[in-house]
Amino acid sequence: MFGTRMRAALLAFFVLLSGLTTTALTAAPASAAAACAGGVSVYGVLPDGRLTYTVIDPDNGNITHVVVSSKSLGFTPKALATLNFNTLLVTSPAGVLYRVDILTNSGSLTFNDPIDVQHGWTHNLLAYDGHGHLYGTTSGGSLLQYLVSRDKPGTAQIGQRREIGSGGFALKTLSASGDDRLIATASDGQLISYTVSQTGTTYTRAQLDDAGWQSFENLVSPGGGLYYGKNPDGAMYWYEDDDPADGSGTDIAYHLNDPVASRGWTQYLLSADPAGCTSSTPVKPLRSKIATLATGEVGTTETSCDKYNDACDRGALDWCAMFATWTWSTAGVSGVPRGTFIARALGEWGVDHGLFKSRTGSSHGSPKIGDWVIYGPPDGTTGGHVDVITAVHPDGTLTVVGGNVSNKVTRRVIDPDTARSGADDVLISGYVSPPGA
C-alpha cells in the first residue's frame, strides 16, 4: 500500500512500468534527518534495456517525478553505477564498461549512445561514492577500488586499481553511502557497512543487522543515512540511519507501513546519485540508548537481577518488568513506573498514558527500537511477559531482549504475529513507546 501523501507522479510511475493501480494507506508521516540538495535521484534499468529516472522526496519517501526512456541501451546491462546527475557507468556481460550521458531527465529521459570506455570489467556489482572512487566486487569475493578523475571519464580517467579486500565480499547488493563508505547486504540477511581508509589499503567492517535484509534485490543510497531497498515483488522501502558513521544499526528507522511504493519497481538494476545527501553525527538518540543498554545485559543471570531492582531478591520475584523499566530509566526516560513489577501492568500504564500501540490493525502497532513488547492484554493481570525491541527487520521480524527468560537476560528474533510468552503463553497485544522518543 501507499502513503497518504503519495503524489500523482506515483500513479504515472505504475502506468509507465506496470499498469497497476494505487491503494491508500493511513500512516503517520515520516521525516528524515538527512540534508539533501533536492530530491533523491535514482536511475534504473528495465528488463528490455530502457532506462528509468525517479525522484523521491527524502523527507517522506514519496515519489515526485518519474520518466522512462523510449530508447534502450542496446546491450544487456550487468552492473550500474551513477557518477553524477547526468552520467552513468554500465557494464555488459562481455566485460565492456560503457559511459552513458543523460541529455535530459525532466519531461522525458533521453541519452546519447553508450560510449565504450574500457574492457575487462567482469564485476558483479558497482558503486560510486561521489568523491572520485568507484567500487566493484568480483565473483571471487574481492572488493576493488578505482579512481575516477573526471565527471565524464574516458579510458584514461578510470584507473589506479586497488584490491581493498579479497574473499569476503560475496555480497548480494552494494551501494556507496558516502565518501569511501559502502552499504551492502548478504544473502543470509546481514546488513553491512564498510569504511575504506584514505589510502585504500585497509577497511573497517561493521554488521548493522544480522537478519532480515536477504529479500532485497537492490539496495541504494544517496548518502545522508538514507537507504532504499527493492524487493522482487516490486515493493520499495526506505530507511533512515541517524548516524551512518557509528557502525551500529540500532538507530535505523524503518518505514514498513509507509513504503516508497508497494509495487511497480520492475527495474532489475538501480543506482542513486551518491552526492545528493549529507548527514552530521547527531546526539545519540534515546531509542538507540535503550537498545544498547538492553543488548549489553544479554547473558546476565537471575542471581544478578538485583541490579535492575532491589525487589528482585535474586529472582524471588518475576523480573521481566523490572528489567524493561530499568532499560528506560537508565537511558534517561522520565516518569518510568519503576514500582510496577507485572508485565501486563506496564501495558496498562502505556494505555493510560497514550503510549500503547495495538498489534492489530493495518499498521500492526508500528513497533520501533526501544519499545516494550507486551505479551497478553494490557489489563494489569499476571501471566504475561515484556521484552525490549533492539532491532526491527525489513521482513517484519523483531530482535528483542528480555529479562527472566530461561532465568537470564536473553536476545531473540521473533515473528510478532506468532510469538508467545509468559506463564499463560500469550500472544503479543501491542507495544509501549518511551515518552519523548
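Let us start at a turn: in the hairpin of strand 15 and strand 16, five residues lie between the strands, and G189 has a positive phi near 100°. Strands here are DSSP runs of E with at least two residues, helices are runs of H or I with at least four residues, and both are numbered from the N terminus. What you are looking at is a predicted model, in which local features need pLDDT of at least 70 and side-chain atom pairs count only at pLDDT 80 or more, while totals for chains, interfaces and linings use all residues. Residues are numbered from 1 along each chain as its sequence is written, and side-chain values use heavy atoms, leaving out hydrogens and water.

Let us follow the strands on both sides of that turn. Strand 15 covers residues 181-185 and pairs with strand 16 in the antiparallel sense over five bridges; two strands are said to pair if DSSP finds at least two bridges between them.

How enclosed is strand 16 by the rest of the structure? Strand 16 spans residues 191-196, and five of its six residues are buried, so it is largely enclosed. The word "buried" means under 20% relative accessible area, "exposed" means over 50%, and "partly exposed" is in between, using a 1.4 Å probe and protein chains only. In a regular strand, the side chains alternate between the two faces of the sheet.

Now pick out L182, a residue of strand 15. L182 counts as buried because its relative accessible area is 0%. Which residues does L182 touch, leaving aside those up to four places away in sequence? They are Y135, L143, L174, S175, A176, S177, I192, S193 and Y194, where a contact means heavy atoms within 4.5 Å. By contrast, take L182 and N231: they are 49 residues apart along the chain, and their C-alpha atoms are separated by 20 Å.

For another kind of setting, look at G38, in the loop between strand 1 (35-36) and strand 2 (40-45). G38 has 37% relative accessibility, and therefore counts as partly exposed.

Next comes a helix. Helix 4 runs over residues 343-352, and seven of its ten residues are buried, so the rest of the structure largely encloses this helix. The buried ones are A343, R344, A345, L346, G347, W349 and G350. What do these buried residues pack against? Their neighbours are helix 3 (320-331), strand 24 (356-358), strand 25 (372-375), strand 26 (385-392) and strand 30 (426-432). After helix 4 comes G354, with a positive phi near 70°.

Strand 26 leads us on to a further set of strands. Strand 26 and strand 27 run antiparallel and are joined by four bridges, with A391 opposite T399 in strand 27. Five residues lie between these strands in their hairpin, where G396 has a positive phi near 90°. Strand 27 (residues 398-405) is mostly covered, with seven of its eight residues buried. Strand 27 also pairs with strand 28 (residues 408-414), in the antiparallel sense and over six bridges. In that pairing, V400 stands opposite R412 in strand 28. Their hairpin has two residues between the strands, and S406 takes a positive phi near 55°.

Finally, step back to view the whole chain. There are four helices and 30 strands in it, and buried residues make up 56% of its 437 residues. The radius of gyration, taken over C-alpha atoms, can be set against a globule rule of 2.2 Å times the number of residues to the power 0.38. For 437 residues a compact globule would have a value near 22 Å, and the chain's 24 Å agrees with this. Along the principal axes, the C-alpha atoms fill a box of roughly 75 × 50 × 30 Å. Among contacts between residues at least 6 apart in sequence, 55% join residues at least 24 apart.
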